[in-house]
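This report describes one protein model, its salt bridges and the contact between its domains. The sequence and the coordinates come before the discussion.

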Amino acid sequence: MSTIKFLNEFCDIIDTYGGRDKVMKALCYGTKLIGGYYADRKPELAKRYAIASSRISGARATLRLIDDIPMIQYALEYGWGQNESDRVMALLGVTANLVDLLYYPVEKICWLAEHRIVDVHNYDYWDKVNTMFWVLSVYLNLMRTLRNFGLNQKKLNKLNEMQKPTIDDTVLRKHRLEICSLVRLSLDFVHAVSYLPKGYLWGGKLSTLQVGAVGTLSSFLYLYQIFTKRKLNK
């Protein structure tokens, strides 16, 4: 890909809210990764990167304040999952939508309390609930992707058994992208759980360097998927 073509592709991506958010996420965890790396070597430099990461994270959280509106639209269009391939996928989809619909209002409460716009009693409780919804949302999406991957793999296996002369190359590429999604969502799950209070799985046990590495890798995998899907849809 030429430099001009790549630049055009990149600009098209950051012109969308989702694409820009993922680029910001990569910057957020990239700076956290650098800050974690220099934590013991150059504490003052590490502090600067930590501040930058925190500011970018805050900007992303502010933009998410209106995410519940498109989420409601998506949930209404999704309905009871009548277009899904089986009942398990439909159940996972409906449950994931319900969790997300609860997650966004709770996140708003935490944001308002953090910025002292409203007084919230027991902020730590709301913050814990917010993190639990985040973990549950990522887990459900991981299960949906795993189920979808398994169903697609069965279809491909049947085609191979029937010795079909050709299998659409686009279908194979999309199936391989599902593997990328599984890896990315697994990283997101590891990342989300690390923000749970100590005593819950591996909550609070990852270092800043480890959190930064997991978040950065997940972000770049997502950007890779965006570029690849754009190519497949052309």
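The model is a predicted one.

**Overall layout**

The protein has 8 helices and 0 strands, which gives the pattern α-α-α-α-α-α-α-α along the sequence. Its C-alpha trace spans about 60 × 45 × 35 Å along the principal axes. The protein has 234 residues, of which 37% count as buried. Among contacts with a separation of 6 or more, 68% are between residues 24 or more positions apart.

**Salt bridges**

The count of salt bridges comes to 10.

| Pair | N to O distance |
|---|---|
| Arg64 and Glu107 | 2.7 Å |
| Arg144 and Glu84 | 3.3 Å |
| Asp188 and Lys25 | 3.5 Å |

Why does Asp188 count as buried? Its relative accessibility is 12%, and buried means under 20%. Lys25 is also buried, at a relative accessible area of 11%.

Arg144 and Glu84 make a further salt bridge. Arg144 lies in helix H6 (residues 123-161) and Glu84 in the loop between helix H4 (68-78) and helix H5 (87-114), so this pair ties together parts that are 60 residues apart in sequence. Arg144 is buried, with a relative accessible area of 14%, whereas Glu84 is partly exposed at 21%. Elsewhere, Glu9, Asp12 and Arg230 are linked in a network of salt bridges.

**Contact between the domains**

The domain assignment divides the protein into domain 1 (1-64 + 168-233) and domain 2 (65-165). Taken over C-alpha atoms, the centres of domain 1 and domain 2 are 18 Å apart. Domain 1 contributes 23 residues to the contact and domain 2 contributes 24 residues. Between them the two domains bury about 2000 Å², with 73% of that area on carbon and sulfur atoms. Arg64, His175 and Leu182 supply 31% of the area that domain 1 buries against domain 2, more than any other three residues.

How many salt bridges does the rule find across the interface of domain 1 and domain 2? The number is 1. Arg64 forms a salt bridge with Glu107. Between the domains there are also 9 residue pairs in polar contact.

On the side of domain 1 that touches domain 2, helix H3 (43-63) and helix H7 (169-193) each supply at least two residues. The largest share, 14 residues, comes from H7. By residue type, this side of domain 1 divides into 15 nonpolar, 5 polar and 3 charged.

His175 is placed in helix H7. This residue is buried, with a relative accessible area of 8%. Leaving out residues up to four places away in sequence, His175 touches Phe149, Asn152, Gln153 and Leu156.

Terms used
Residues are numbered from 1 along each chain as its sequence is written. This is a predicted model: local features need pLDDT of at least 70, side-chain atom pairs count only at pLDDT 80 or more; totals for chains, interfaces and linings use all residues. Side-chain values use heavy atoms; hydrogens and water are left out. Domain bounds come from an automatic or database domain assignment. Contact means heavy atoms within 4.5 Å. Buried area is the accessible area (1.4 Å probe) that two parts lose on being put together, summed over both. A salt bridge is a side-chain nitrogen of Lys or Arg within 4 Å of a carboxyl oxygen of Asp or Glu. A polar contact is a pair of N or O atoms within 3.5 Å; within protein, one must be able to donate a hydrogen and the other to accept it, and residues adjacent in sequence count only if both atoms are side-chain atoms. Helices (H or I, at least four residues) and strands (E, at least two) are DSSP runs, numbered from the N terminus. Ala, Val, Leu, Ile, Met, Phe, Trp, Tyr, Cys and Pro count as nonpolar, Asp, Glu, Lys and Arg as charged, and the others, Gly among them, as polar. Buried means under 20% relative accessible area, exposed over 50%, partly exposed in between (1.4 Å probe, protein chains only).
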